[in-house]
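Work through these exercises with the model open. Try each task before reading its solution.

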Amino acid sequence: MRYMTSEEIREAFLKFFEKKGHKILPSASLIPDDPQLLFTVAGMVPFKPIFWGKVEPVYTRVATCQKCLRTVDIENVGKTPRHHTFFEMLGNFSFGDYFKEEAIEWAWEFLTQVLGVPEEKLWVSVYEEDEEAFRIWNEKIGLPERKILKMSKEDNFWGPAGPTGPCGPDTEIFYDTGYSKGCPEGEECTPANSEGRFVEIWNLVFTEYYQDEEGKLHPLPRKNIDTGAGLERFCAMMQGVYSNFDTDLFQPIINRIEELTGVGYKTDEEKDVSIRVIADHIRAITFLISEGVFPSNEGRGYVLRRIIRRAMRHGILLGMSEPFLYRIVDAVVEKMGKVYPEIVRGEGMVKEVLSAEENRFLKTLEQGMKVFDEIVEKKGKIDSEDAFKLYDTYGLPLELTLEIAREKGVEVDVKEFNKYMEEQQRKSRAAMGDVEFARRYEYLEELPKDFRTEFTGYEKLEDEGEVVLIARDDETVEEASEGTVEVVFSRTPFYAEKGGQVSDTGTVKWRDGKALVEYVFEASEGVIVHRIKILDGTLRRGQKVILRVDKKRREATMRNHTATHLLHAALKKVLGDHVRQAGSLVAPDRLRFDFTHFKGLSSAEIEQVEDLVNEWIMEAIPVEVRYTSYEEAVKSGVVALFTEKYGDVVRVVEVPGVSKELCGGTHVKNTGQIGLFKIISEESVSSGVRRIEAVTGFSALELLRNQKKLIDQLKEILGAREDELTNRVLSLREKVKELEKKLSQGRISEEKIAMKQLEDGARVFYAVFEDVEAKHLGGIADNVLKKEGEGIVILFSKFENKVFLVVKVSENLLDRYDASSIARNIAKELGGSGGGRKNFAQAGGRHPEKIRGVLERLEEFLR
């Protein structure tokens, strides 16, 4: 076999199958259009709808090199030669075209004739009930029976990728590395009886079935082929190495890690594990961030944060005490950027996001590790409550706590961890007023099982309906007078709160009565409940009523909802395709839009976004709404949210040439009806997630009027013209600063600075102040040394039940005293931490009552 680079193997595979009539498609995103999956975990994921039989294939033969990400075996990454988080999967697919015979013959041809792998090095396994595959290998290919292993369903049946989906028997091809044997004495080594010698290099899946929610198998309308060959394993095979980490895919990255850490690879097994973990994880990190996934505490962002923190933990084991991962990104981009240009485009963003996350984690890790050790010293183990505290308070993911515990031989009991997690989430929802979901609405069980409220609010703001059910205090009643009740009508024009859009309000009228509609929600699928306050008359079951939506409120909400779609499109255009919706609120008075982005927007970027949205508004583009299948919508390029559930028929809201989204909300007829769009704030919500609040229509007009009133008031108070306001305020601010400084110095000059002579002749000046802000202590220390000429100055300030201190050492004493060490020593005693330079350091603590003890033993802390 000749040596082949990873680039040569990729190209050879795709060209081979192109000659066999396959369409070569680029790799799909790591973020799939599949609500069952967080990431693309296999080469077949982008084609799941085709395998399901829900979408007709454009091409019946396809070949790809698909980027994939899995974390199910993350604890094994670095410890074995072949476990990875990010990897590339070569695959050829047939959608109702060829089947087992061609798939097997072509795999064998590629391996033996194109790559030149010796036949004696190859073994295969088949599903024990798949006689057809066995016969093809034995009779067509000519493999002897002893080299075709019949295995159970557990070993040779693939899928589905998720709880439901396409699946089927498979046949696996193994390569004999010859590296280790470990087979029973006197027996021939095979993939079934040896450990680590045979490597599975290719899996050919014969997708014949669909697995439903109950785990039952159903024949698919057509038979398909789905194969997966790990590029990393092919590289190891063709480059004559046992470990994937010794291939050209990883060596440039490992070389960079060696440079940064000063630790040589293959010098110490424990350190080698850490180097391999970092080499693997930095690839996953680079690709995830370049696709717009940012570190957070949930979903994909949580997985990314976990990978980053695990890599950093191994960096610390190699002696790294500062951010370093972002400096390895270059090596990944240099090696893989030609194949995946998205990481070249996103390189700057990846480094910036990664550097910020590393700095954030380092600040919490030291504190978390200290608490970890304190818990172990006290209890001898880590229990569920401790693990949750380390996660919730100190930012240590559960997986990292478990890993640290394993390294230290500490027992961990985390059976109740999820209980604490759920309780925290429940409290969070309650704090946000999200109490609707805590109720079960048992009274709805009285409705017929197939009952659905007919929603007419897309076309009408007024309609007639019949009272189907009335409930007061969670119990059904036949009639109600006065007070608040919950009512289900046969039909309604009222929009129920969902998808970020608030509910409509309005009125309900009948012959002898009237009620206000205060809130509308969907209590179960298709059942709309109205919370109403009866003002007059008696409402009875079966009664006909007129339901009327508050027109002004609905129209204002519609303006904001359509503007939200325009804002989403503008953000993608200005910031990049990594922008994804992370939440929204559409109310009549404002809109709020959360989105993934790694840093705050500049003033120029905010103006660009505003300008784009307002341009589209002024063009008065018609807003089109249509209904189609989910698959067709996605194929047409519609934006679908991962967090939303979609049925077979979906509603597409499109602003032609601007935006196309799946959405059940209410919208204006054309963009011109929105009026003016104005951003009022842009801020961080969490790491990697930003939030914009904006107003439209009459709310925008009100904002402008309020700002005009404010300017007029300032003009009057300051006695200045509008164009003079900024300079007048700046001038006043400088005067305030001067007065504050004089006041501070005046108070401090009255304090007595104590002095103590040390045995070596050095003098220590010290003092304790009350309510002096930390920022002033450095200036006082400077004044003391100016006055005294030389010495060590240690100043404390008790401020808001905390203590701050500064340490300053004159130049002539730096050979004997280190301000940073002194500050750390004292801070430890005061229950805090600190540090700085040799001549100046700062610290803080939680125990101001211990200052007296520090002063009594001052010389001890100076050593």
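Contact here means heavy atoms within 4.5 Å. This is a predicted model: local features need pLDDT of at least 70, side-chain atom pairs count only at pLDDT 80 or more, and totals for chains, interfaces and linings use all residues. Residues are numbered from 1 along each chain as its sequence is written, and side-chain values use heavy atoms, with hydrogens and water left out.

**Exercise 1. Is Asp-504 buried or exposed, and which side chain makes a polar contact with its own?**

Step 1: locate Asp-504. It lies in the loop between strand S16 (491-492) and strand S17 (506-510).

Step 2: apply the burial cut-off. With a relative accessible area of 2%, Asp-504 is buried.

Step 3: find the partner. The side chain of Arg-554 makes a polar contact with that of Asp-504 (2.8 Å). A polar contact is a pair of N or O atoms within 3.5 Å; within protein, one must be able to donate a hydrogen and the other to accept it, and residues adjacent in sequence count only if both atoms are side-chain atoms.

Step 4: look for a backbone partner. The Asp-504 side chain reaches the backbone nitrogen of Tyr-495 at 2.7 Å.

Step 5: widen the view. Leaving aside neighbours within four places in sequence, the contacts of Asp-504 include Pro-493, Val-517, Val-549 and Arg-553.

**Exercise 2. Classify Val-468 and find its contacts.**

Step 1: Val-468 is in strand S13 (residues 462-472).

Step 2: Val-468 is partly exposed, because its relative accessible area is 23%.

Step 3: beyond four places in sequence, Val-468 is in contact with Leu-447, Phe-451, Val-488, Phe-489, Ser-490 and Arg-541.

Step 4: compare sequence and space. Val-468 and Arg-540 are 72 residues apart along the chain, and their C-alpha atoms are separated by 9.1 Å.

**Exercise 3. Check the span of helix H3.**

Step 1: count. H3 (residues 100-114) has 15 residues.

Step 2: calculate. The expected span is 1.5 Å times one less than the number of residues, so H3 should span 21 Å.

Step 3: compare. The end C-alpha atoms of H3 are 20 Å apart, which agrees.

Step 4: inspect the helix and what follows. Buried residues in H3 include Trp-106, Trp-108 and Phe-110. After H3 comes Gly-116, with a positive phi near 75°.

**Exercise 4. Describe the largest nonpolar core.**

Step 1: define it. A nonpolar core is a set of buried Ala, Val, Leu, Ile, Met, Phe, Trp, Tyr and Cys residues joined through side-chain atoms within 4.5 Å.

Step 2: Among the 115 residues of the largest core, Trp-137, Ile-201, Trp-202, Phe-234 and Leu-325 touch the most other members.

Step 3: find the main contributor. Helix H12 (residues 347-379) supplies the largest share of this core, eleven residues.

Notes. Buried < 20%, exposed > 50% of the residue type's maximum accessible area, 1.4 Å probe, protein only. Helix = DSSP H or I, 4+ residues; strand = E, 2+ residues; numbered from the N terminus.
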